[in-house]
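The topics are taken in turn after the display below.

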Amino acid sequence: MKPIPIHAFNPGPYTGAGNWTYLIRGRVTTLIDAGTGEPQHLEALEQALDGATLAQVLVTHGHTDHASGVMALAAKFPGVRFLKMPWPERDGRWPAPWEPLSEGSAITAGDDTLTAVHTPGHAPDHLCFWHAESRTLFCGDLAQKGTTIYIPPNLQGDLMAYLTSLERVLALQPARLLPAHGPVIDDPERVLRGYIEHRGEREAQIIALLRGGERTPEAMVEHLYRGLKETLVPMARESVLAHLLKLEREGRARRSAASAPGASAPKGDAAHPLDAAREEHAWHIIEP
Ligand SMILES: [Zn+2]
């Protein structure tokens, strides 16, 4: 299998240099990830197709930079199919005739077979696509060289699920990862183990801050991300919250009712992660 990387031409504060999509030519010509519909992406794709018909687009997850290009692709390549794991709360944003994929789905791509690997954490619908013969994993936003992956509880991100997904992918023993951002990862084990280690270190720091009396993600961000650009603070806050929610699920931390000035009291089931994402809480460590 010789996937052709095609840049999506969508640089930005959240996408870095922009996304990679991958074209697999053959009997069932397949594009992995849809990009955002930039005209330059469509042109580059048309060039790489070199007269072949685009049969299907496999989308790793429903985030804008991976999925929003489906309308432009549908307009340019009539008859193309779109496949992803359903994310009911979000898929309606990208009006395409989505066909559902699930864990273990076998998909003919080019002249080969890919297997869908459900890898939630960054997003609940996140799929990687595994080509067993070449031990290649199209890894979407599971990994990116030189940086950690954003886990947003606000968008159903889940750190515990992410760590499990990393272990699952490690068990596949991939030879290379083709990510949606950044260069090819040819040392997957080192990168994935590095992520697990990093999260362990970050968790230890957060536990220390809780013990030291810090009560809110905002206060912790100031300790953990010194000199962070103002525009990136909300993302850092989400990342800290992801750790707190993991600790809560493990029975190692708890949150009490609103304490921050001006914060509204939690309504209904305060244990729901989305409430935690929206509401202000004071967090406490539970000592064994
Ligand atoms: Zn994403």
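In this predicted model, a zinc ion is held by four protein donors: His61 through NE2, His63 through ND1, His122 through NE2 and Asp141 through OD. These donors lie 2.1 to 2.2 Å from the zinc ion.

**Zinc site**

- The arrangement around the zinc ion is irregular, because the four donor atoms subtend angles of 88 to 174°. A tetrahedral site would require all angles to lie between 85 and 135 degrees.
- Along the sequence, the donor residues follow the spacing H-x1-H-x58-H-x18-D. Histidine 122 and aspartate 141, 19 residues apart, link distant parts of the chain.
- Histidine 122 belongs to the loop between strand 8 (112-118) and strand 9 (127-131), while aspartate 141 belongs to the loop between strand 10 (136-140) and helix 5 (159-172).
- Histidine 122 has a relative accessible area of 7% and is therefore buried, the cut-off being under 20%. Aspartate 141 is likewise buried, with a relative accessible area of 7%.

**Largest pocket**

- The largest pocket holds about 920 Å³ of space.
- Its lining is made up of 31 residues, and those nearest the centre of the pocket are Tyr14, Thr148, Ile149, Tyr150 and Met235.
- At least two lining residues come from each of helix 2 (64-67), helix 6 (188-211) and helix 8 (233-249). Helix 8 contributes the most, with four residues.
- By residue class, the lining of the largest pocket consists of 13 nonpolar, 13 polar and five charged residues.

**The chain as a whole**

- The secondary structure of the chain comprises nine helices and 13 strands.
- Taken along the principal axes, the box filled by the C-alpha atoms of the chain is roughly 65 × 35 × 35 Å.
- Buried residues account for 49% of the 288 residues of the chain.

**Arginine 27**

- Arginine 27 is located in the loop between strand 2 (20-24) and strand 3 (30-32).
- Arginine 27 counts as exposed because its relative accessibility is 62%, where the cut-off is over 50%.
- A distance of 42 Å separates the C-alpha atoms of arginine 27 and methionine 235, which are 208 residues apart along the chain. Met235 is also one of the residues nearest the centre of the largest pocket.

Note on methods
Residues numbered from 1 in each chain as written. Predicted model: local features only at pLDDT ≥ 70, side-chain atom pairs only at ≥ 80, totals over all residues. Heavy atoms only, no water. Donors = N, O, S within 2.8 Å, 3.2 Å for Na, K, Ca; no water. Tetrahedral: all angles 85-135°; square planar, octahedral: opposite > 155°, others 65-115°. Buried < 20%, exposed > 50% of the residue type's maximum accessible area, 1.4 Å probe, protein only. 1 Å grid on protein atoms, 1.4 Å probe; cavity = no way out; pocket = protein on both sides within 12 Å on 5 of 7 lines; lining within 4 Å. Points joined across faces, edges and corners; volume = space filled by probe spheres on them. Nonpolar A, V, L, I, M, F, W, Y, C, P; charged D, E, K, R; others polar.
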